Structure formats: C-alpha cells, structure tokens
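The tour below goes from one selection to the next.

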Amino acid sequence: MEVRIGVQNVTREIVIESEAKPEDIEKSVAEAVEKNQALLSLQDRRGKSILVPVATIGYVEIGSDTKQAVGFAAPAAE
C-alpha cells in the first residue's frame, strides 16, 4: 500500500510503502489529528518507523498496490 504525505511548506512528499490496510492507516491518521498528538507514526514494509509532526501535515493520500507496467507491451492478438 502506497501512502503519500504532503508536508506544509515542503515541496516534496513523504512516500511510504506499507503492509497496513488502508482502513488502519486512515484510522492512525485520524486518531493522531483528533487527539492532537505531536507525531504521526507509520511503519513501512521493511519495519522502519516514519514519524511526521501532525501540525505540519497538509494531506495524506492512501493509494493501492496496483503496479503500472513498464516497457513495451505486445499488441493484442485477434
């Protein structure tokens, strides 16, 4: 699962590949914001913890695991 976090006043996004379900990530973000926590903590696929100051979060985009094909595709046979 790909998670993109936009941080205020920073041009680059934080991109995390996570094993967590979208609902779990959404719940973690909502709890951090609602409870006015200082940090949002998420884990990536390799077990690393990513900490983001909640006050600086601009947006969180939760994506899917679909991979885009790279390279040349053979035309469909008829």
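**Along a helix and its preceding loop**

Start by selecting I25, V29 and A32: these residues of α1 are buried. The model is predicted, and residue numbers count from 1 along the chain.

Next, turn the view to look down the axis of α1. The buried residues fall within an arc of 65°, so they line one face of the helix. An α-helix has 3.6 residues a turn, so residues three or four places apart point the same way.

Now show what lies against that face.

View α1 from the side. The helix has 13 residues, and the distance from its first C-alpha to its last is 18 Å, close to the 18 Å expected at 1.5 Å a residue. After α1 comes N36, with a positive phi near 55°.

Go back to the other end and select S18, in the loop between β2 (14-17) and α1 (22-34). Is S18 buried or exposed? Its relative accessibility is 6%, so S18 counts as buried; the cut-off for buried is under 20%.

Show the side chain of S18 together with the backbone of Q43: the side chain reaches the backbone oxygen of Q43 at 3.3 Å. Finally, display the contacts of S18, leaving aside neighbours within four places in sequence: M1, I25, Q43, D44 and R45. One of these, I25, is also among the buried residues of α1.

Terms used: Predicted model: local features only at pLDDT ≥ 70, side-chain atom pairs only at ≥ 80, totals over all residues. Heavy atoms only, no water. Helix = DSSP H or I, 4+ residues; strand = E, 2+ residues; numbered from the N terminus. Buried < 20%, exposed > 50% of the residue type's maximum accessible area, 1.4 Å probe, protein only. Polar contact = N/O pair within 3.5 Å; in protein donor to acceptor, adjacent residues only side chain to side chain. Contact = heavy atoms within 4.5 Å. Expected span 1.5 Å × (residues − 1). Arc of directions from axis to C-beta.
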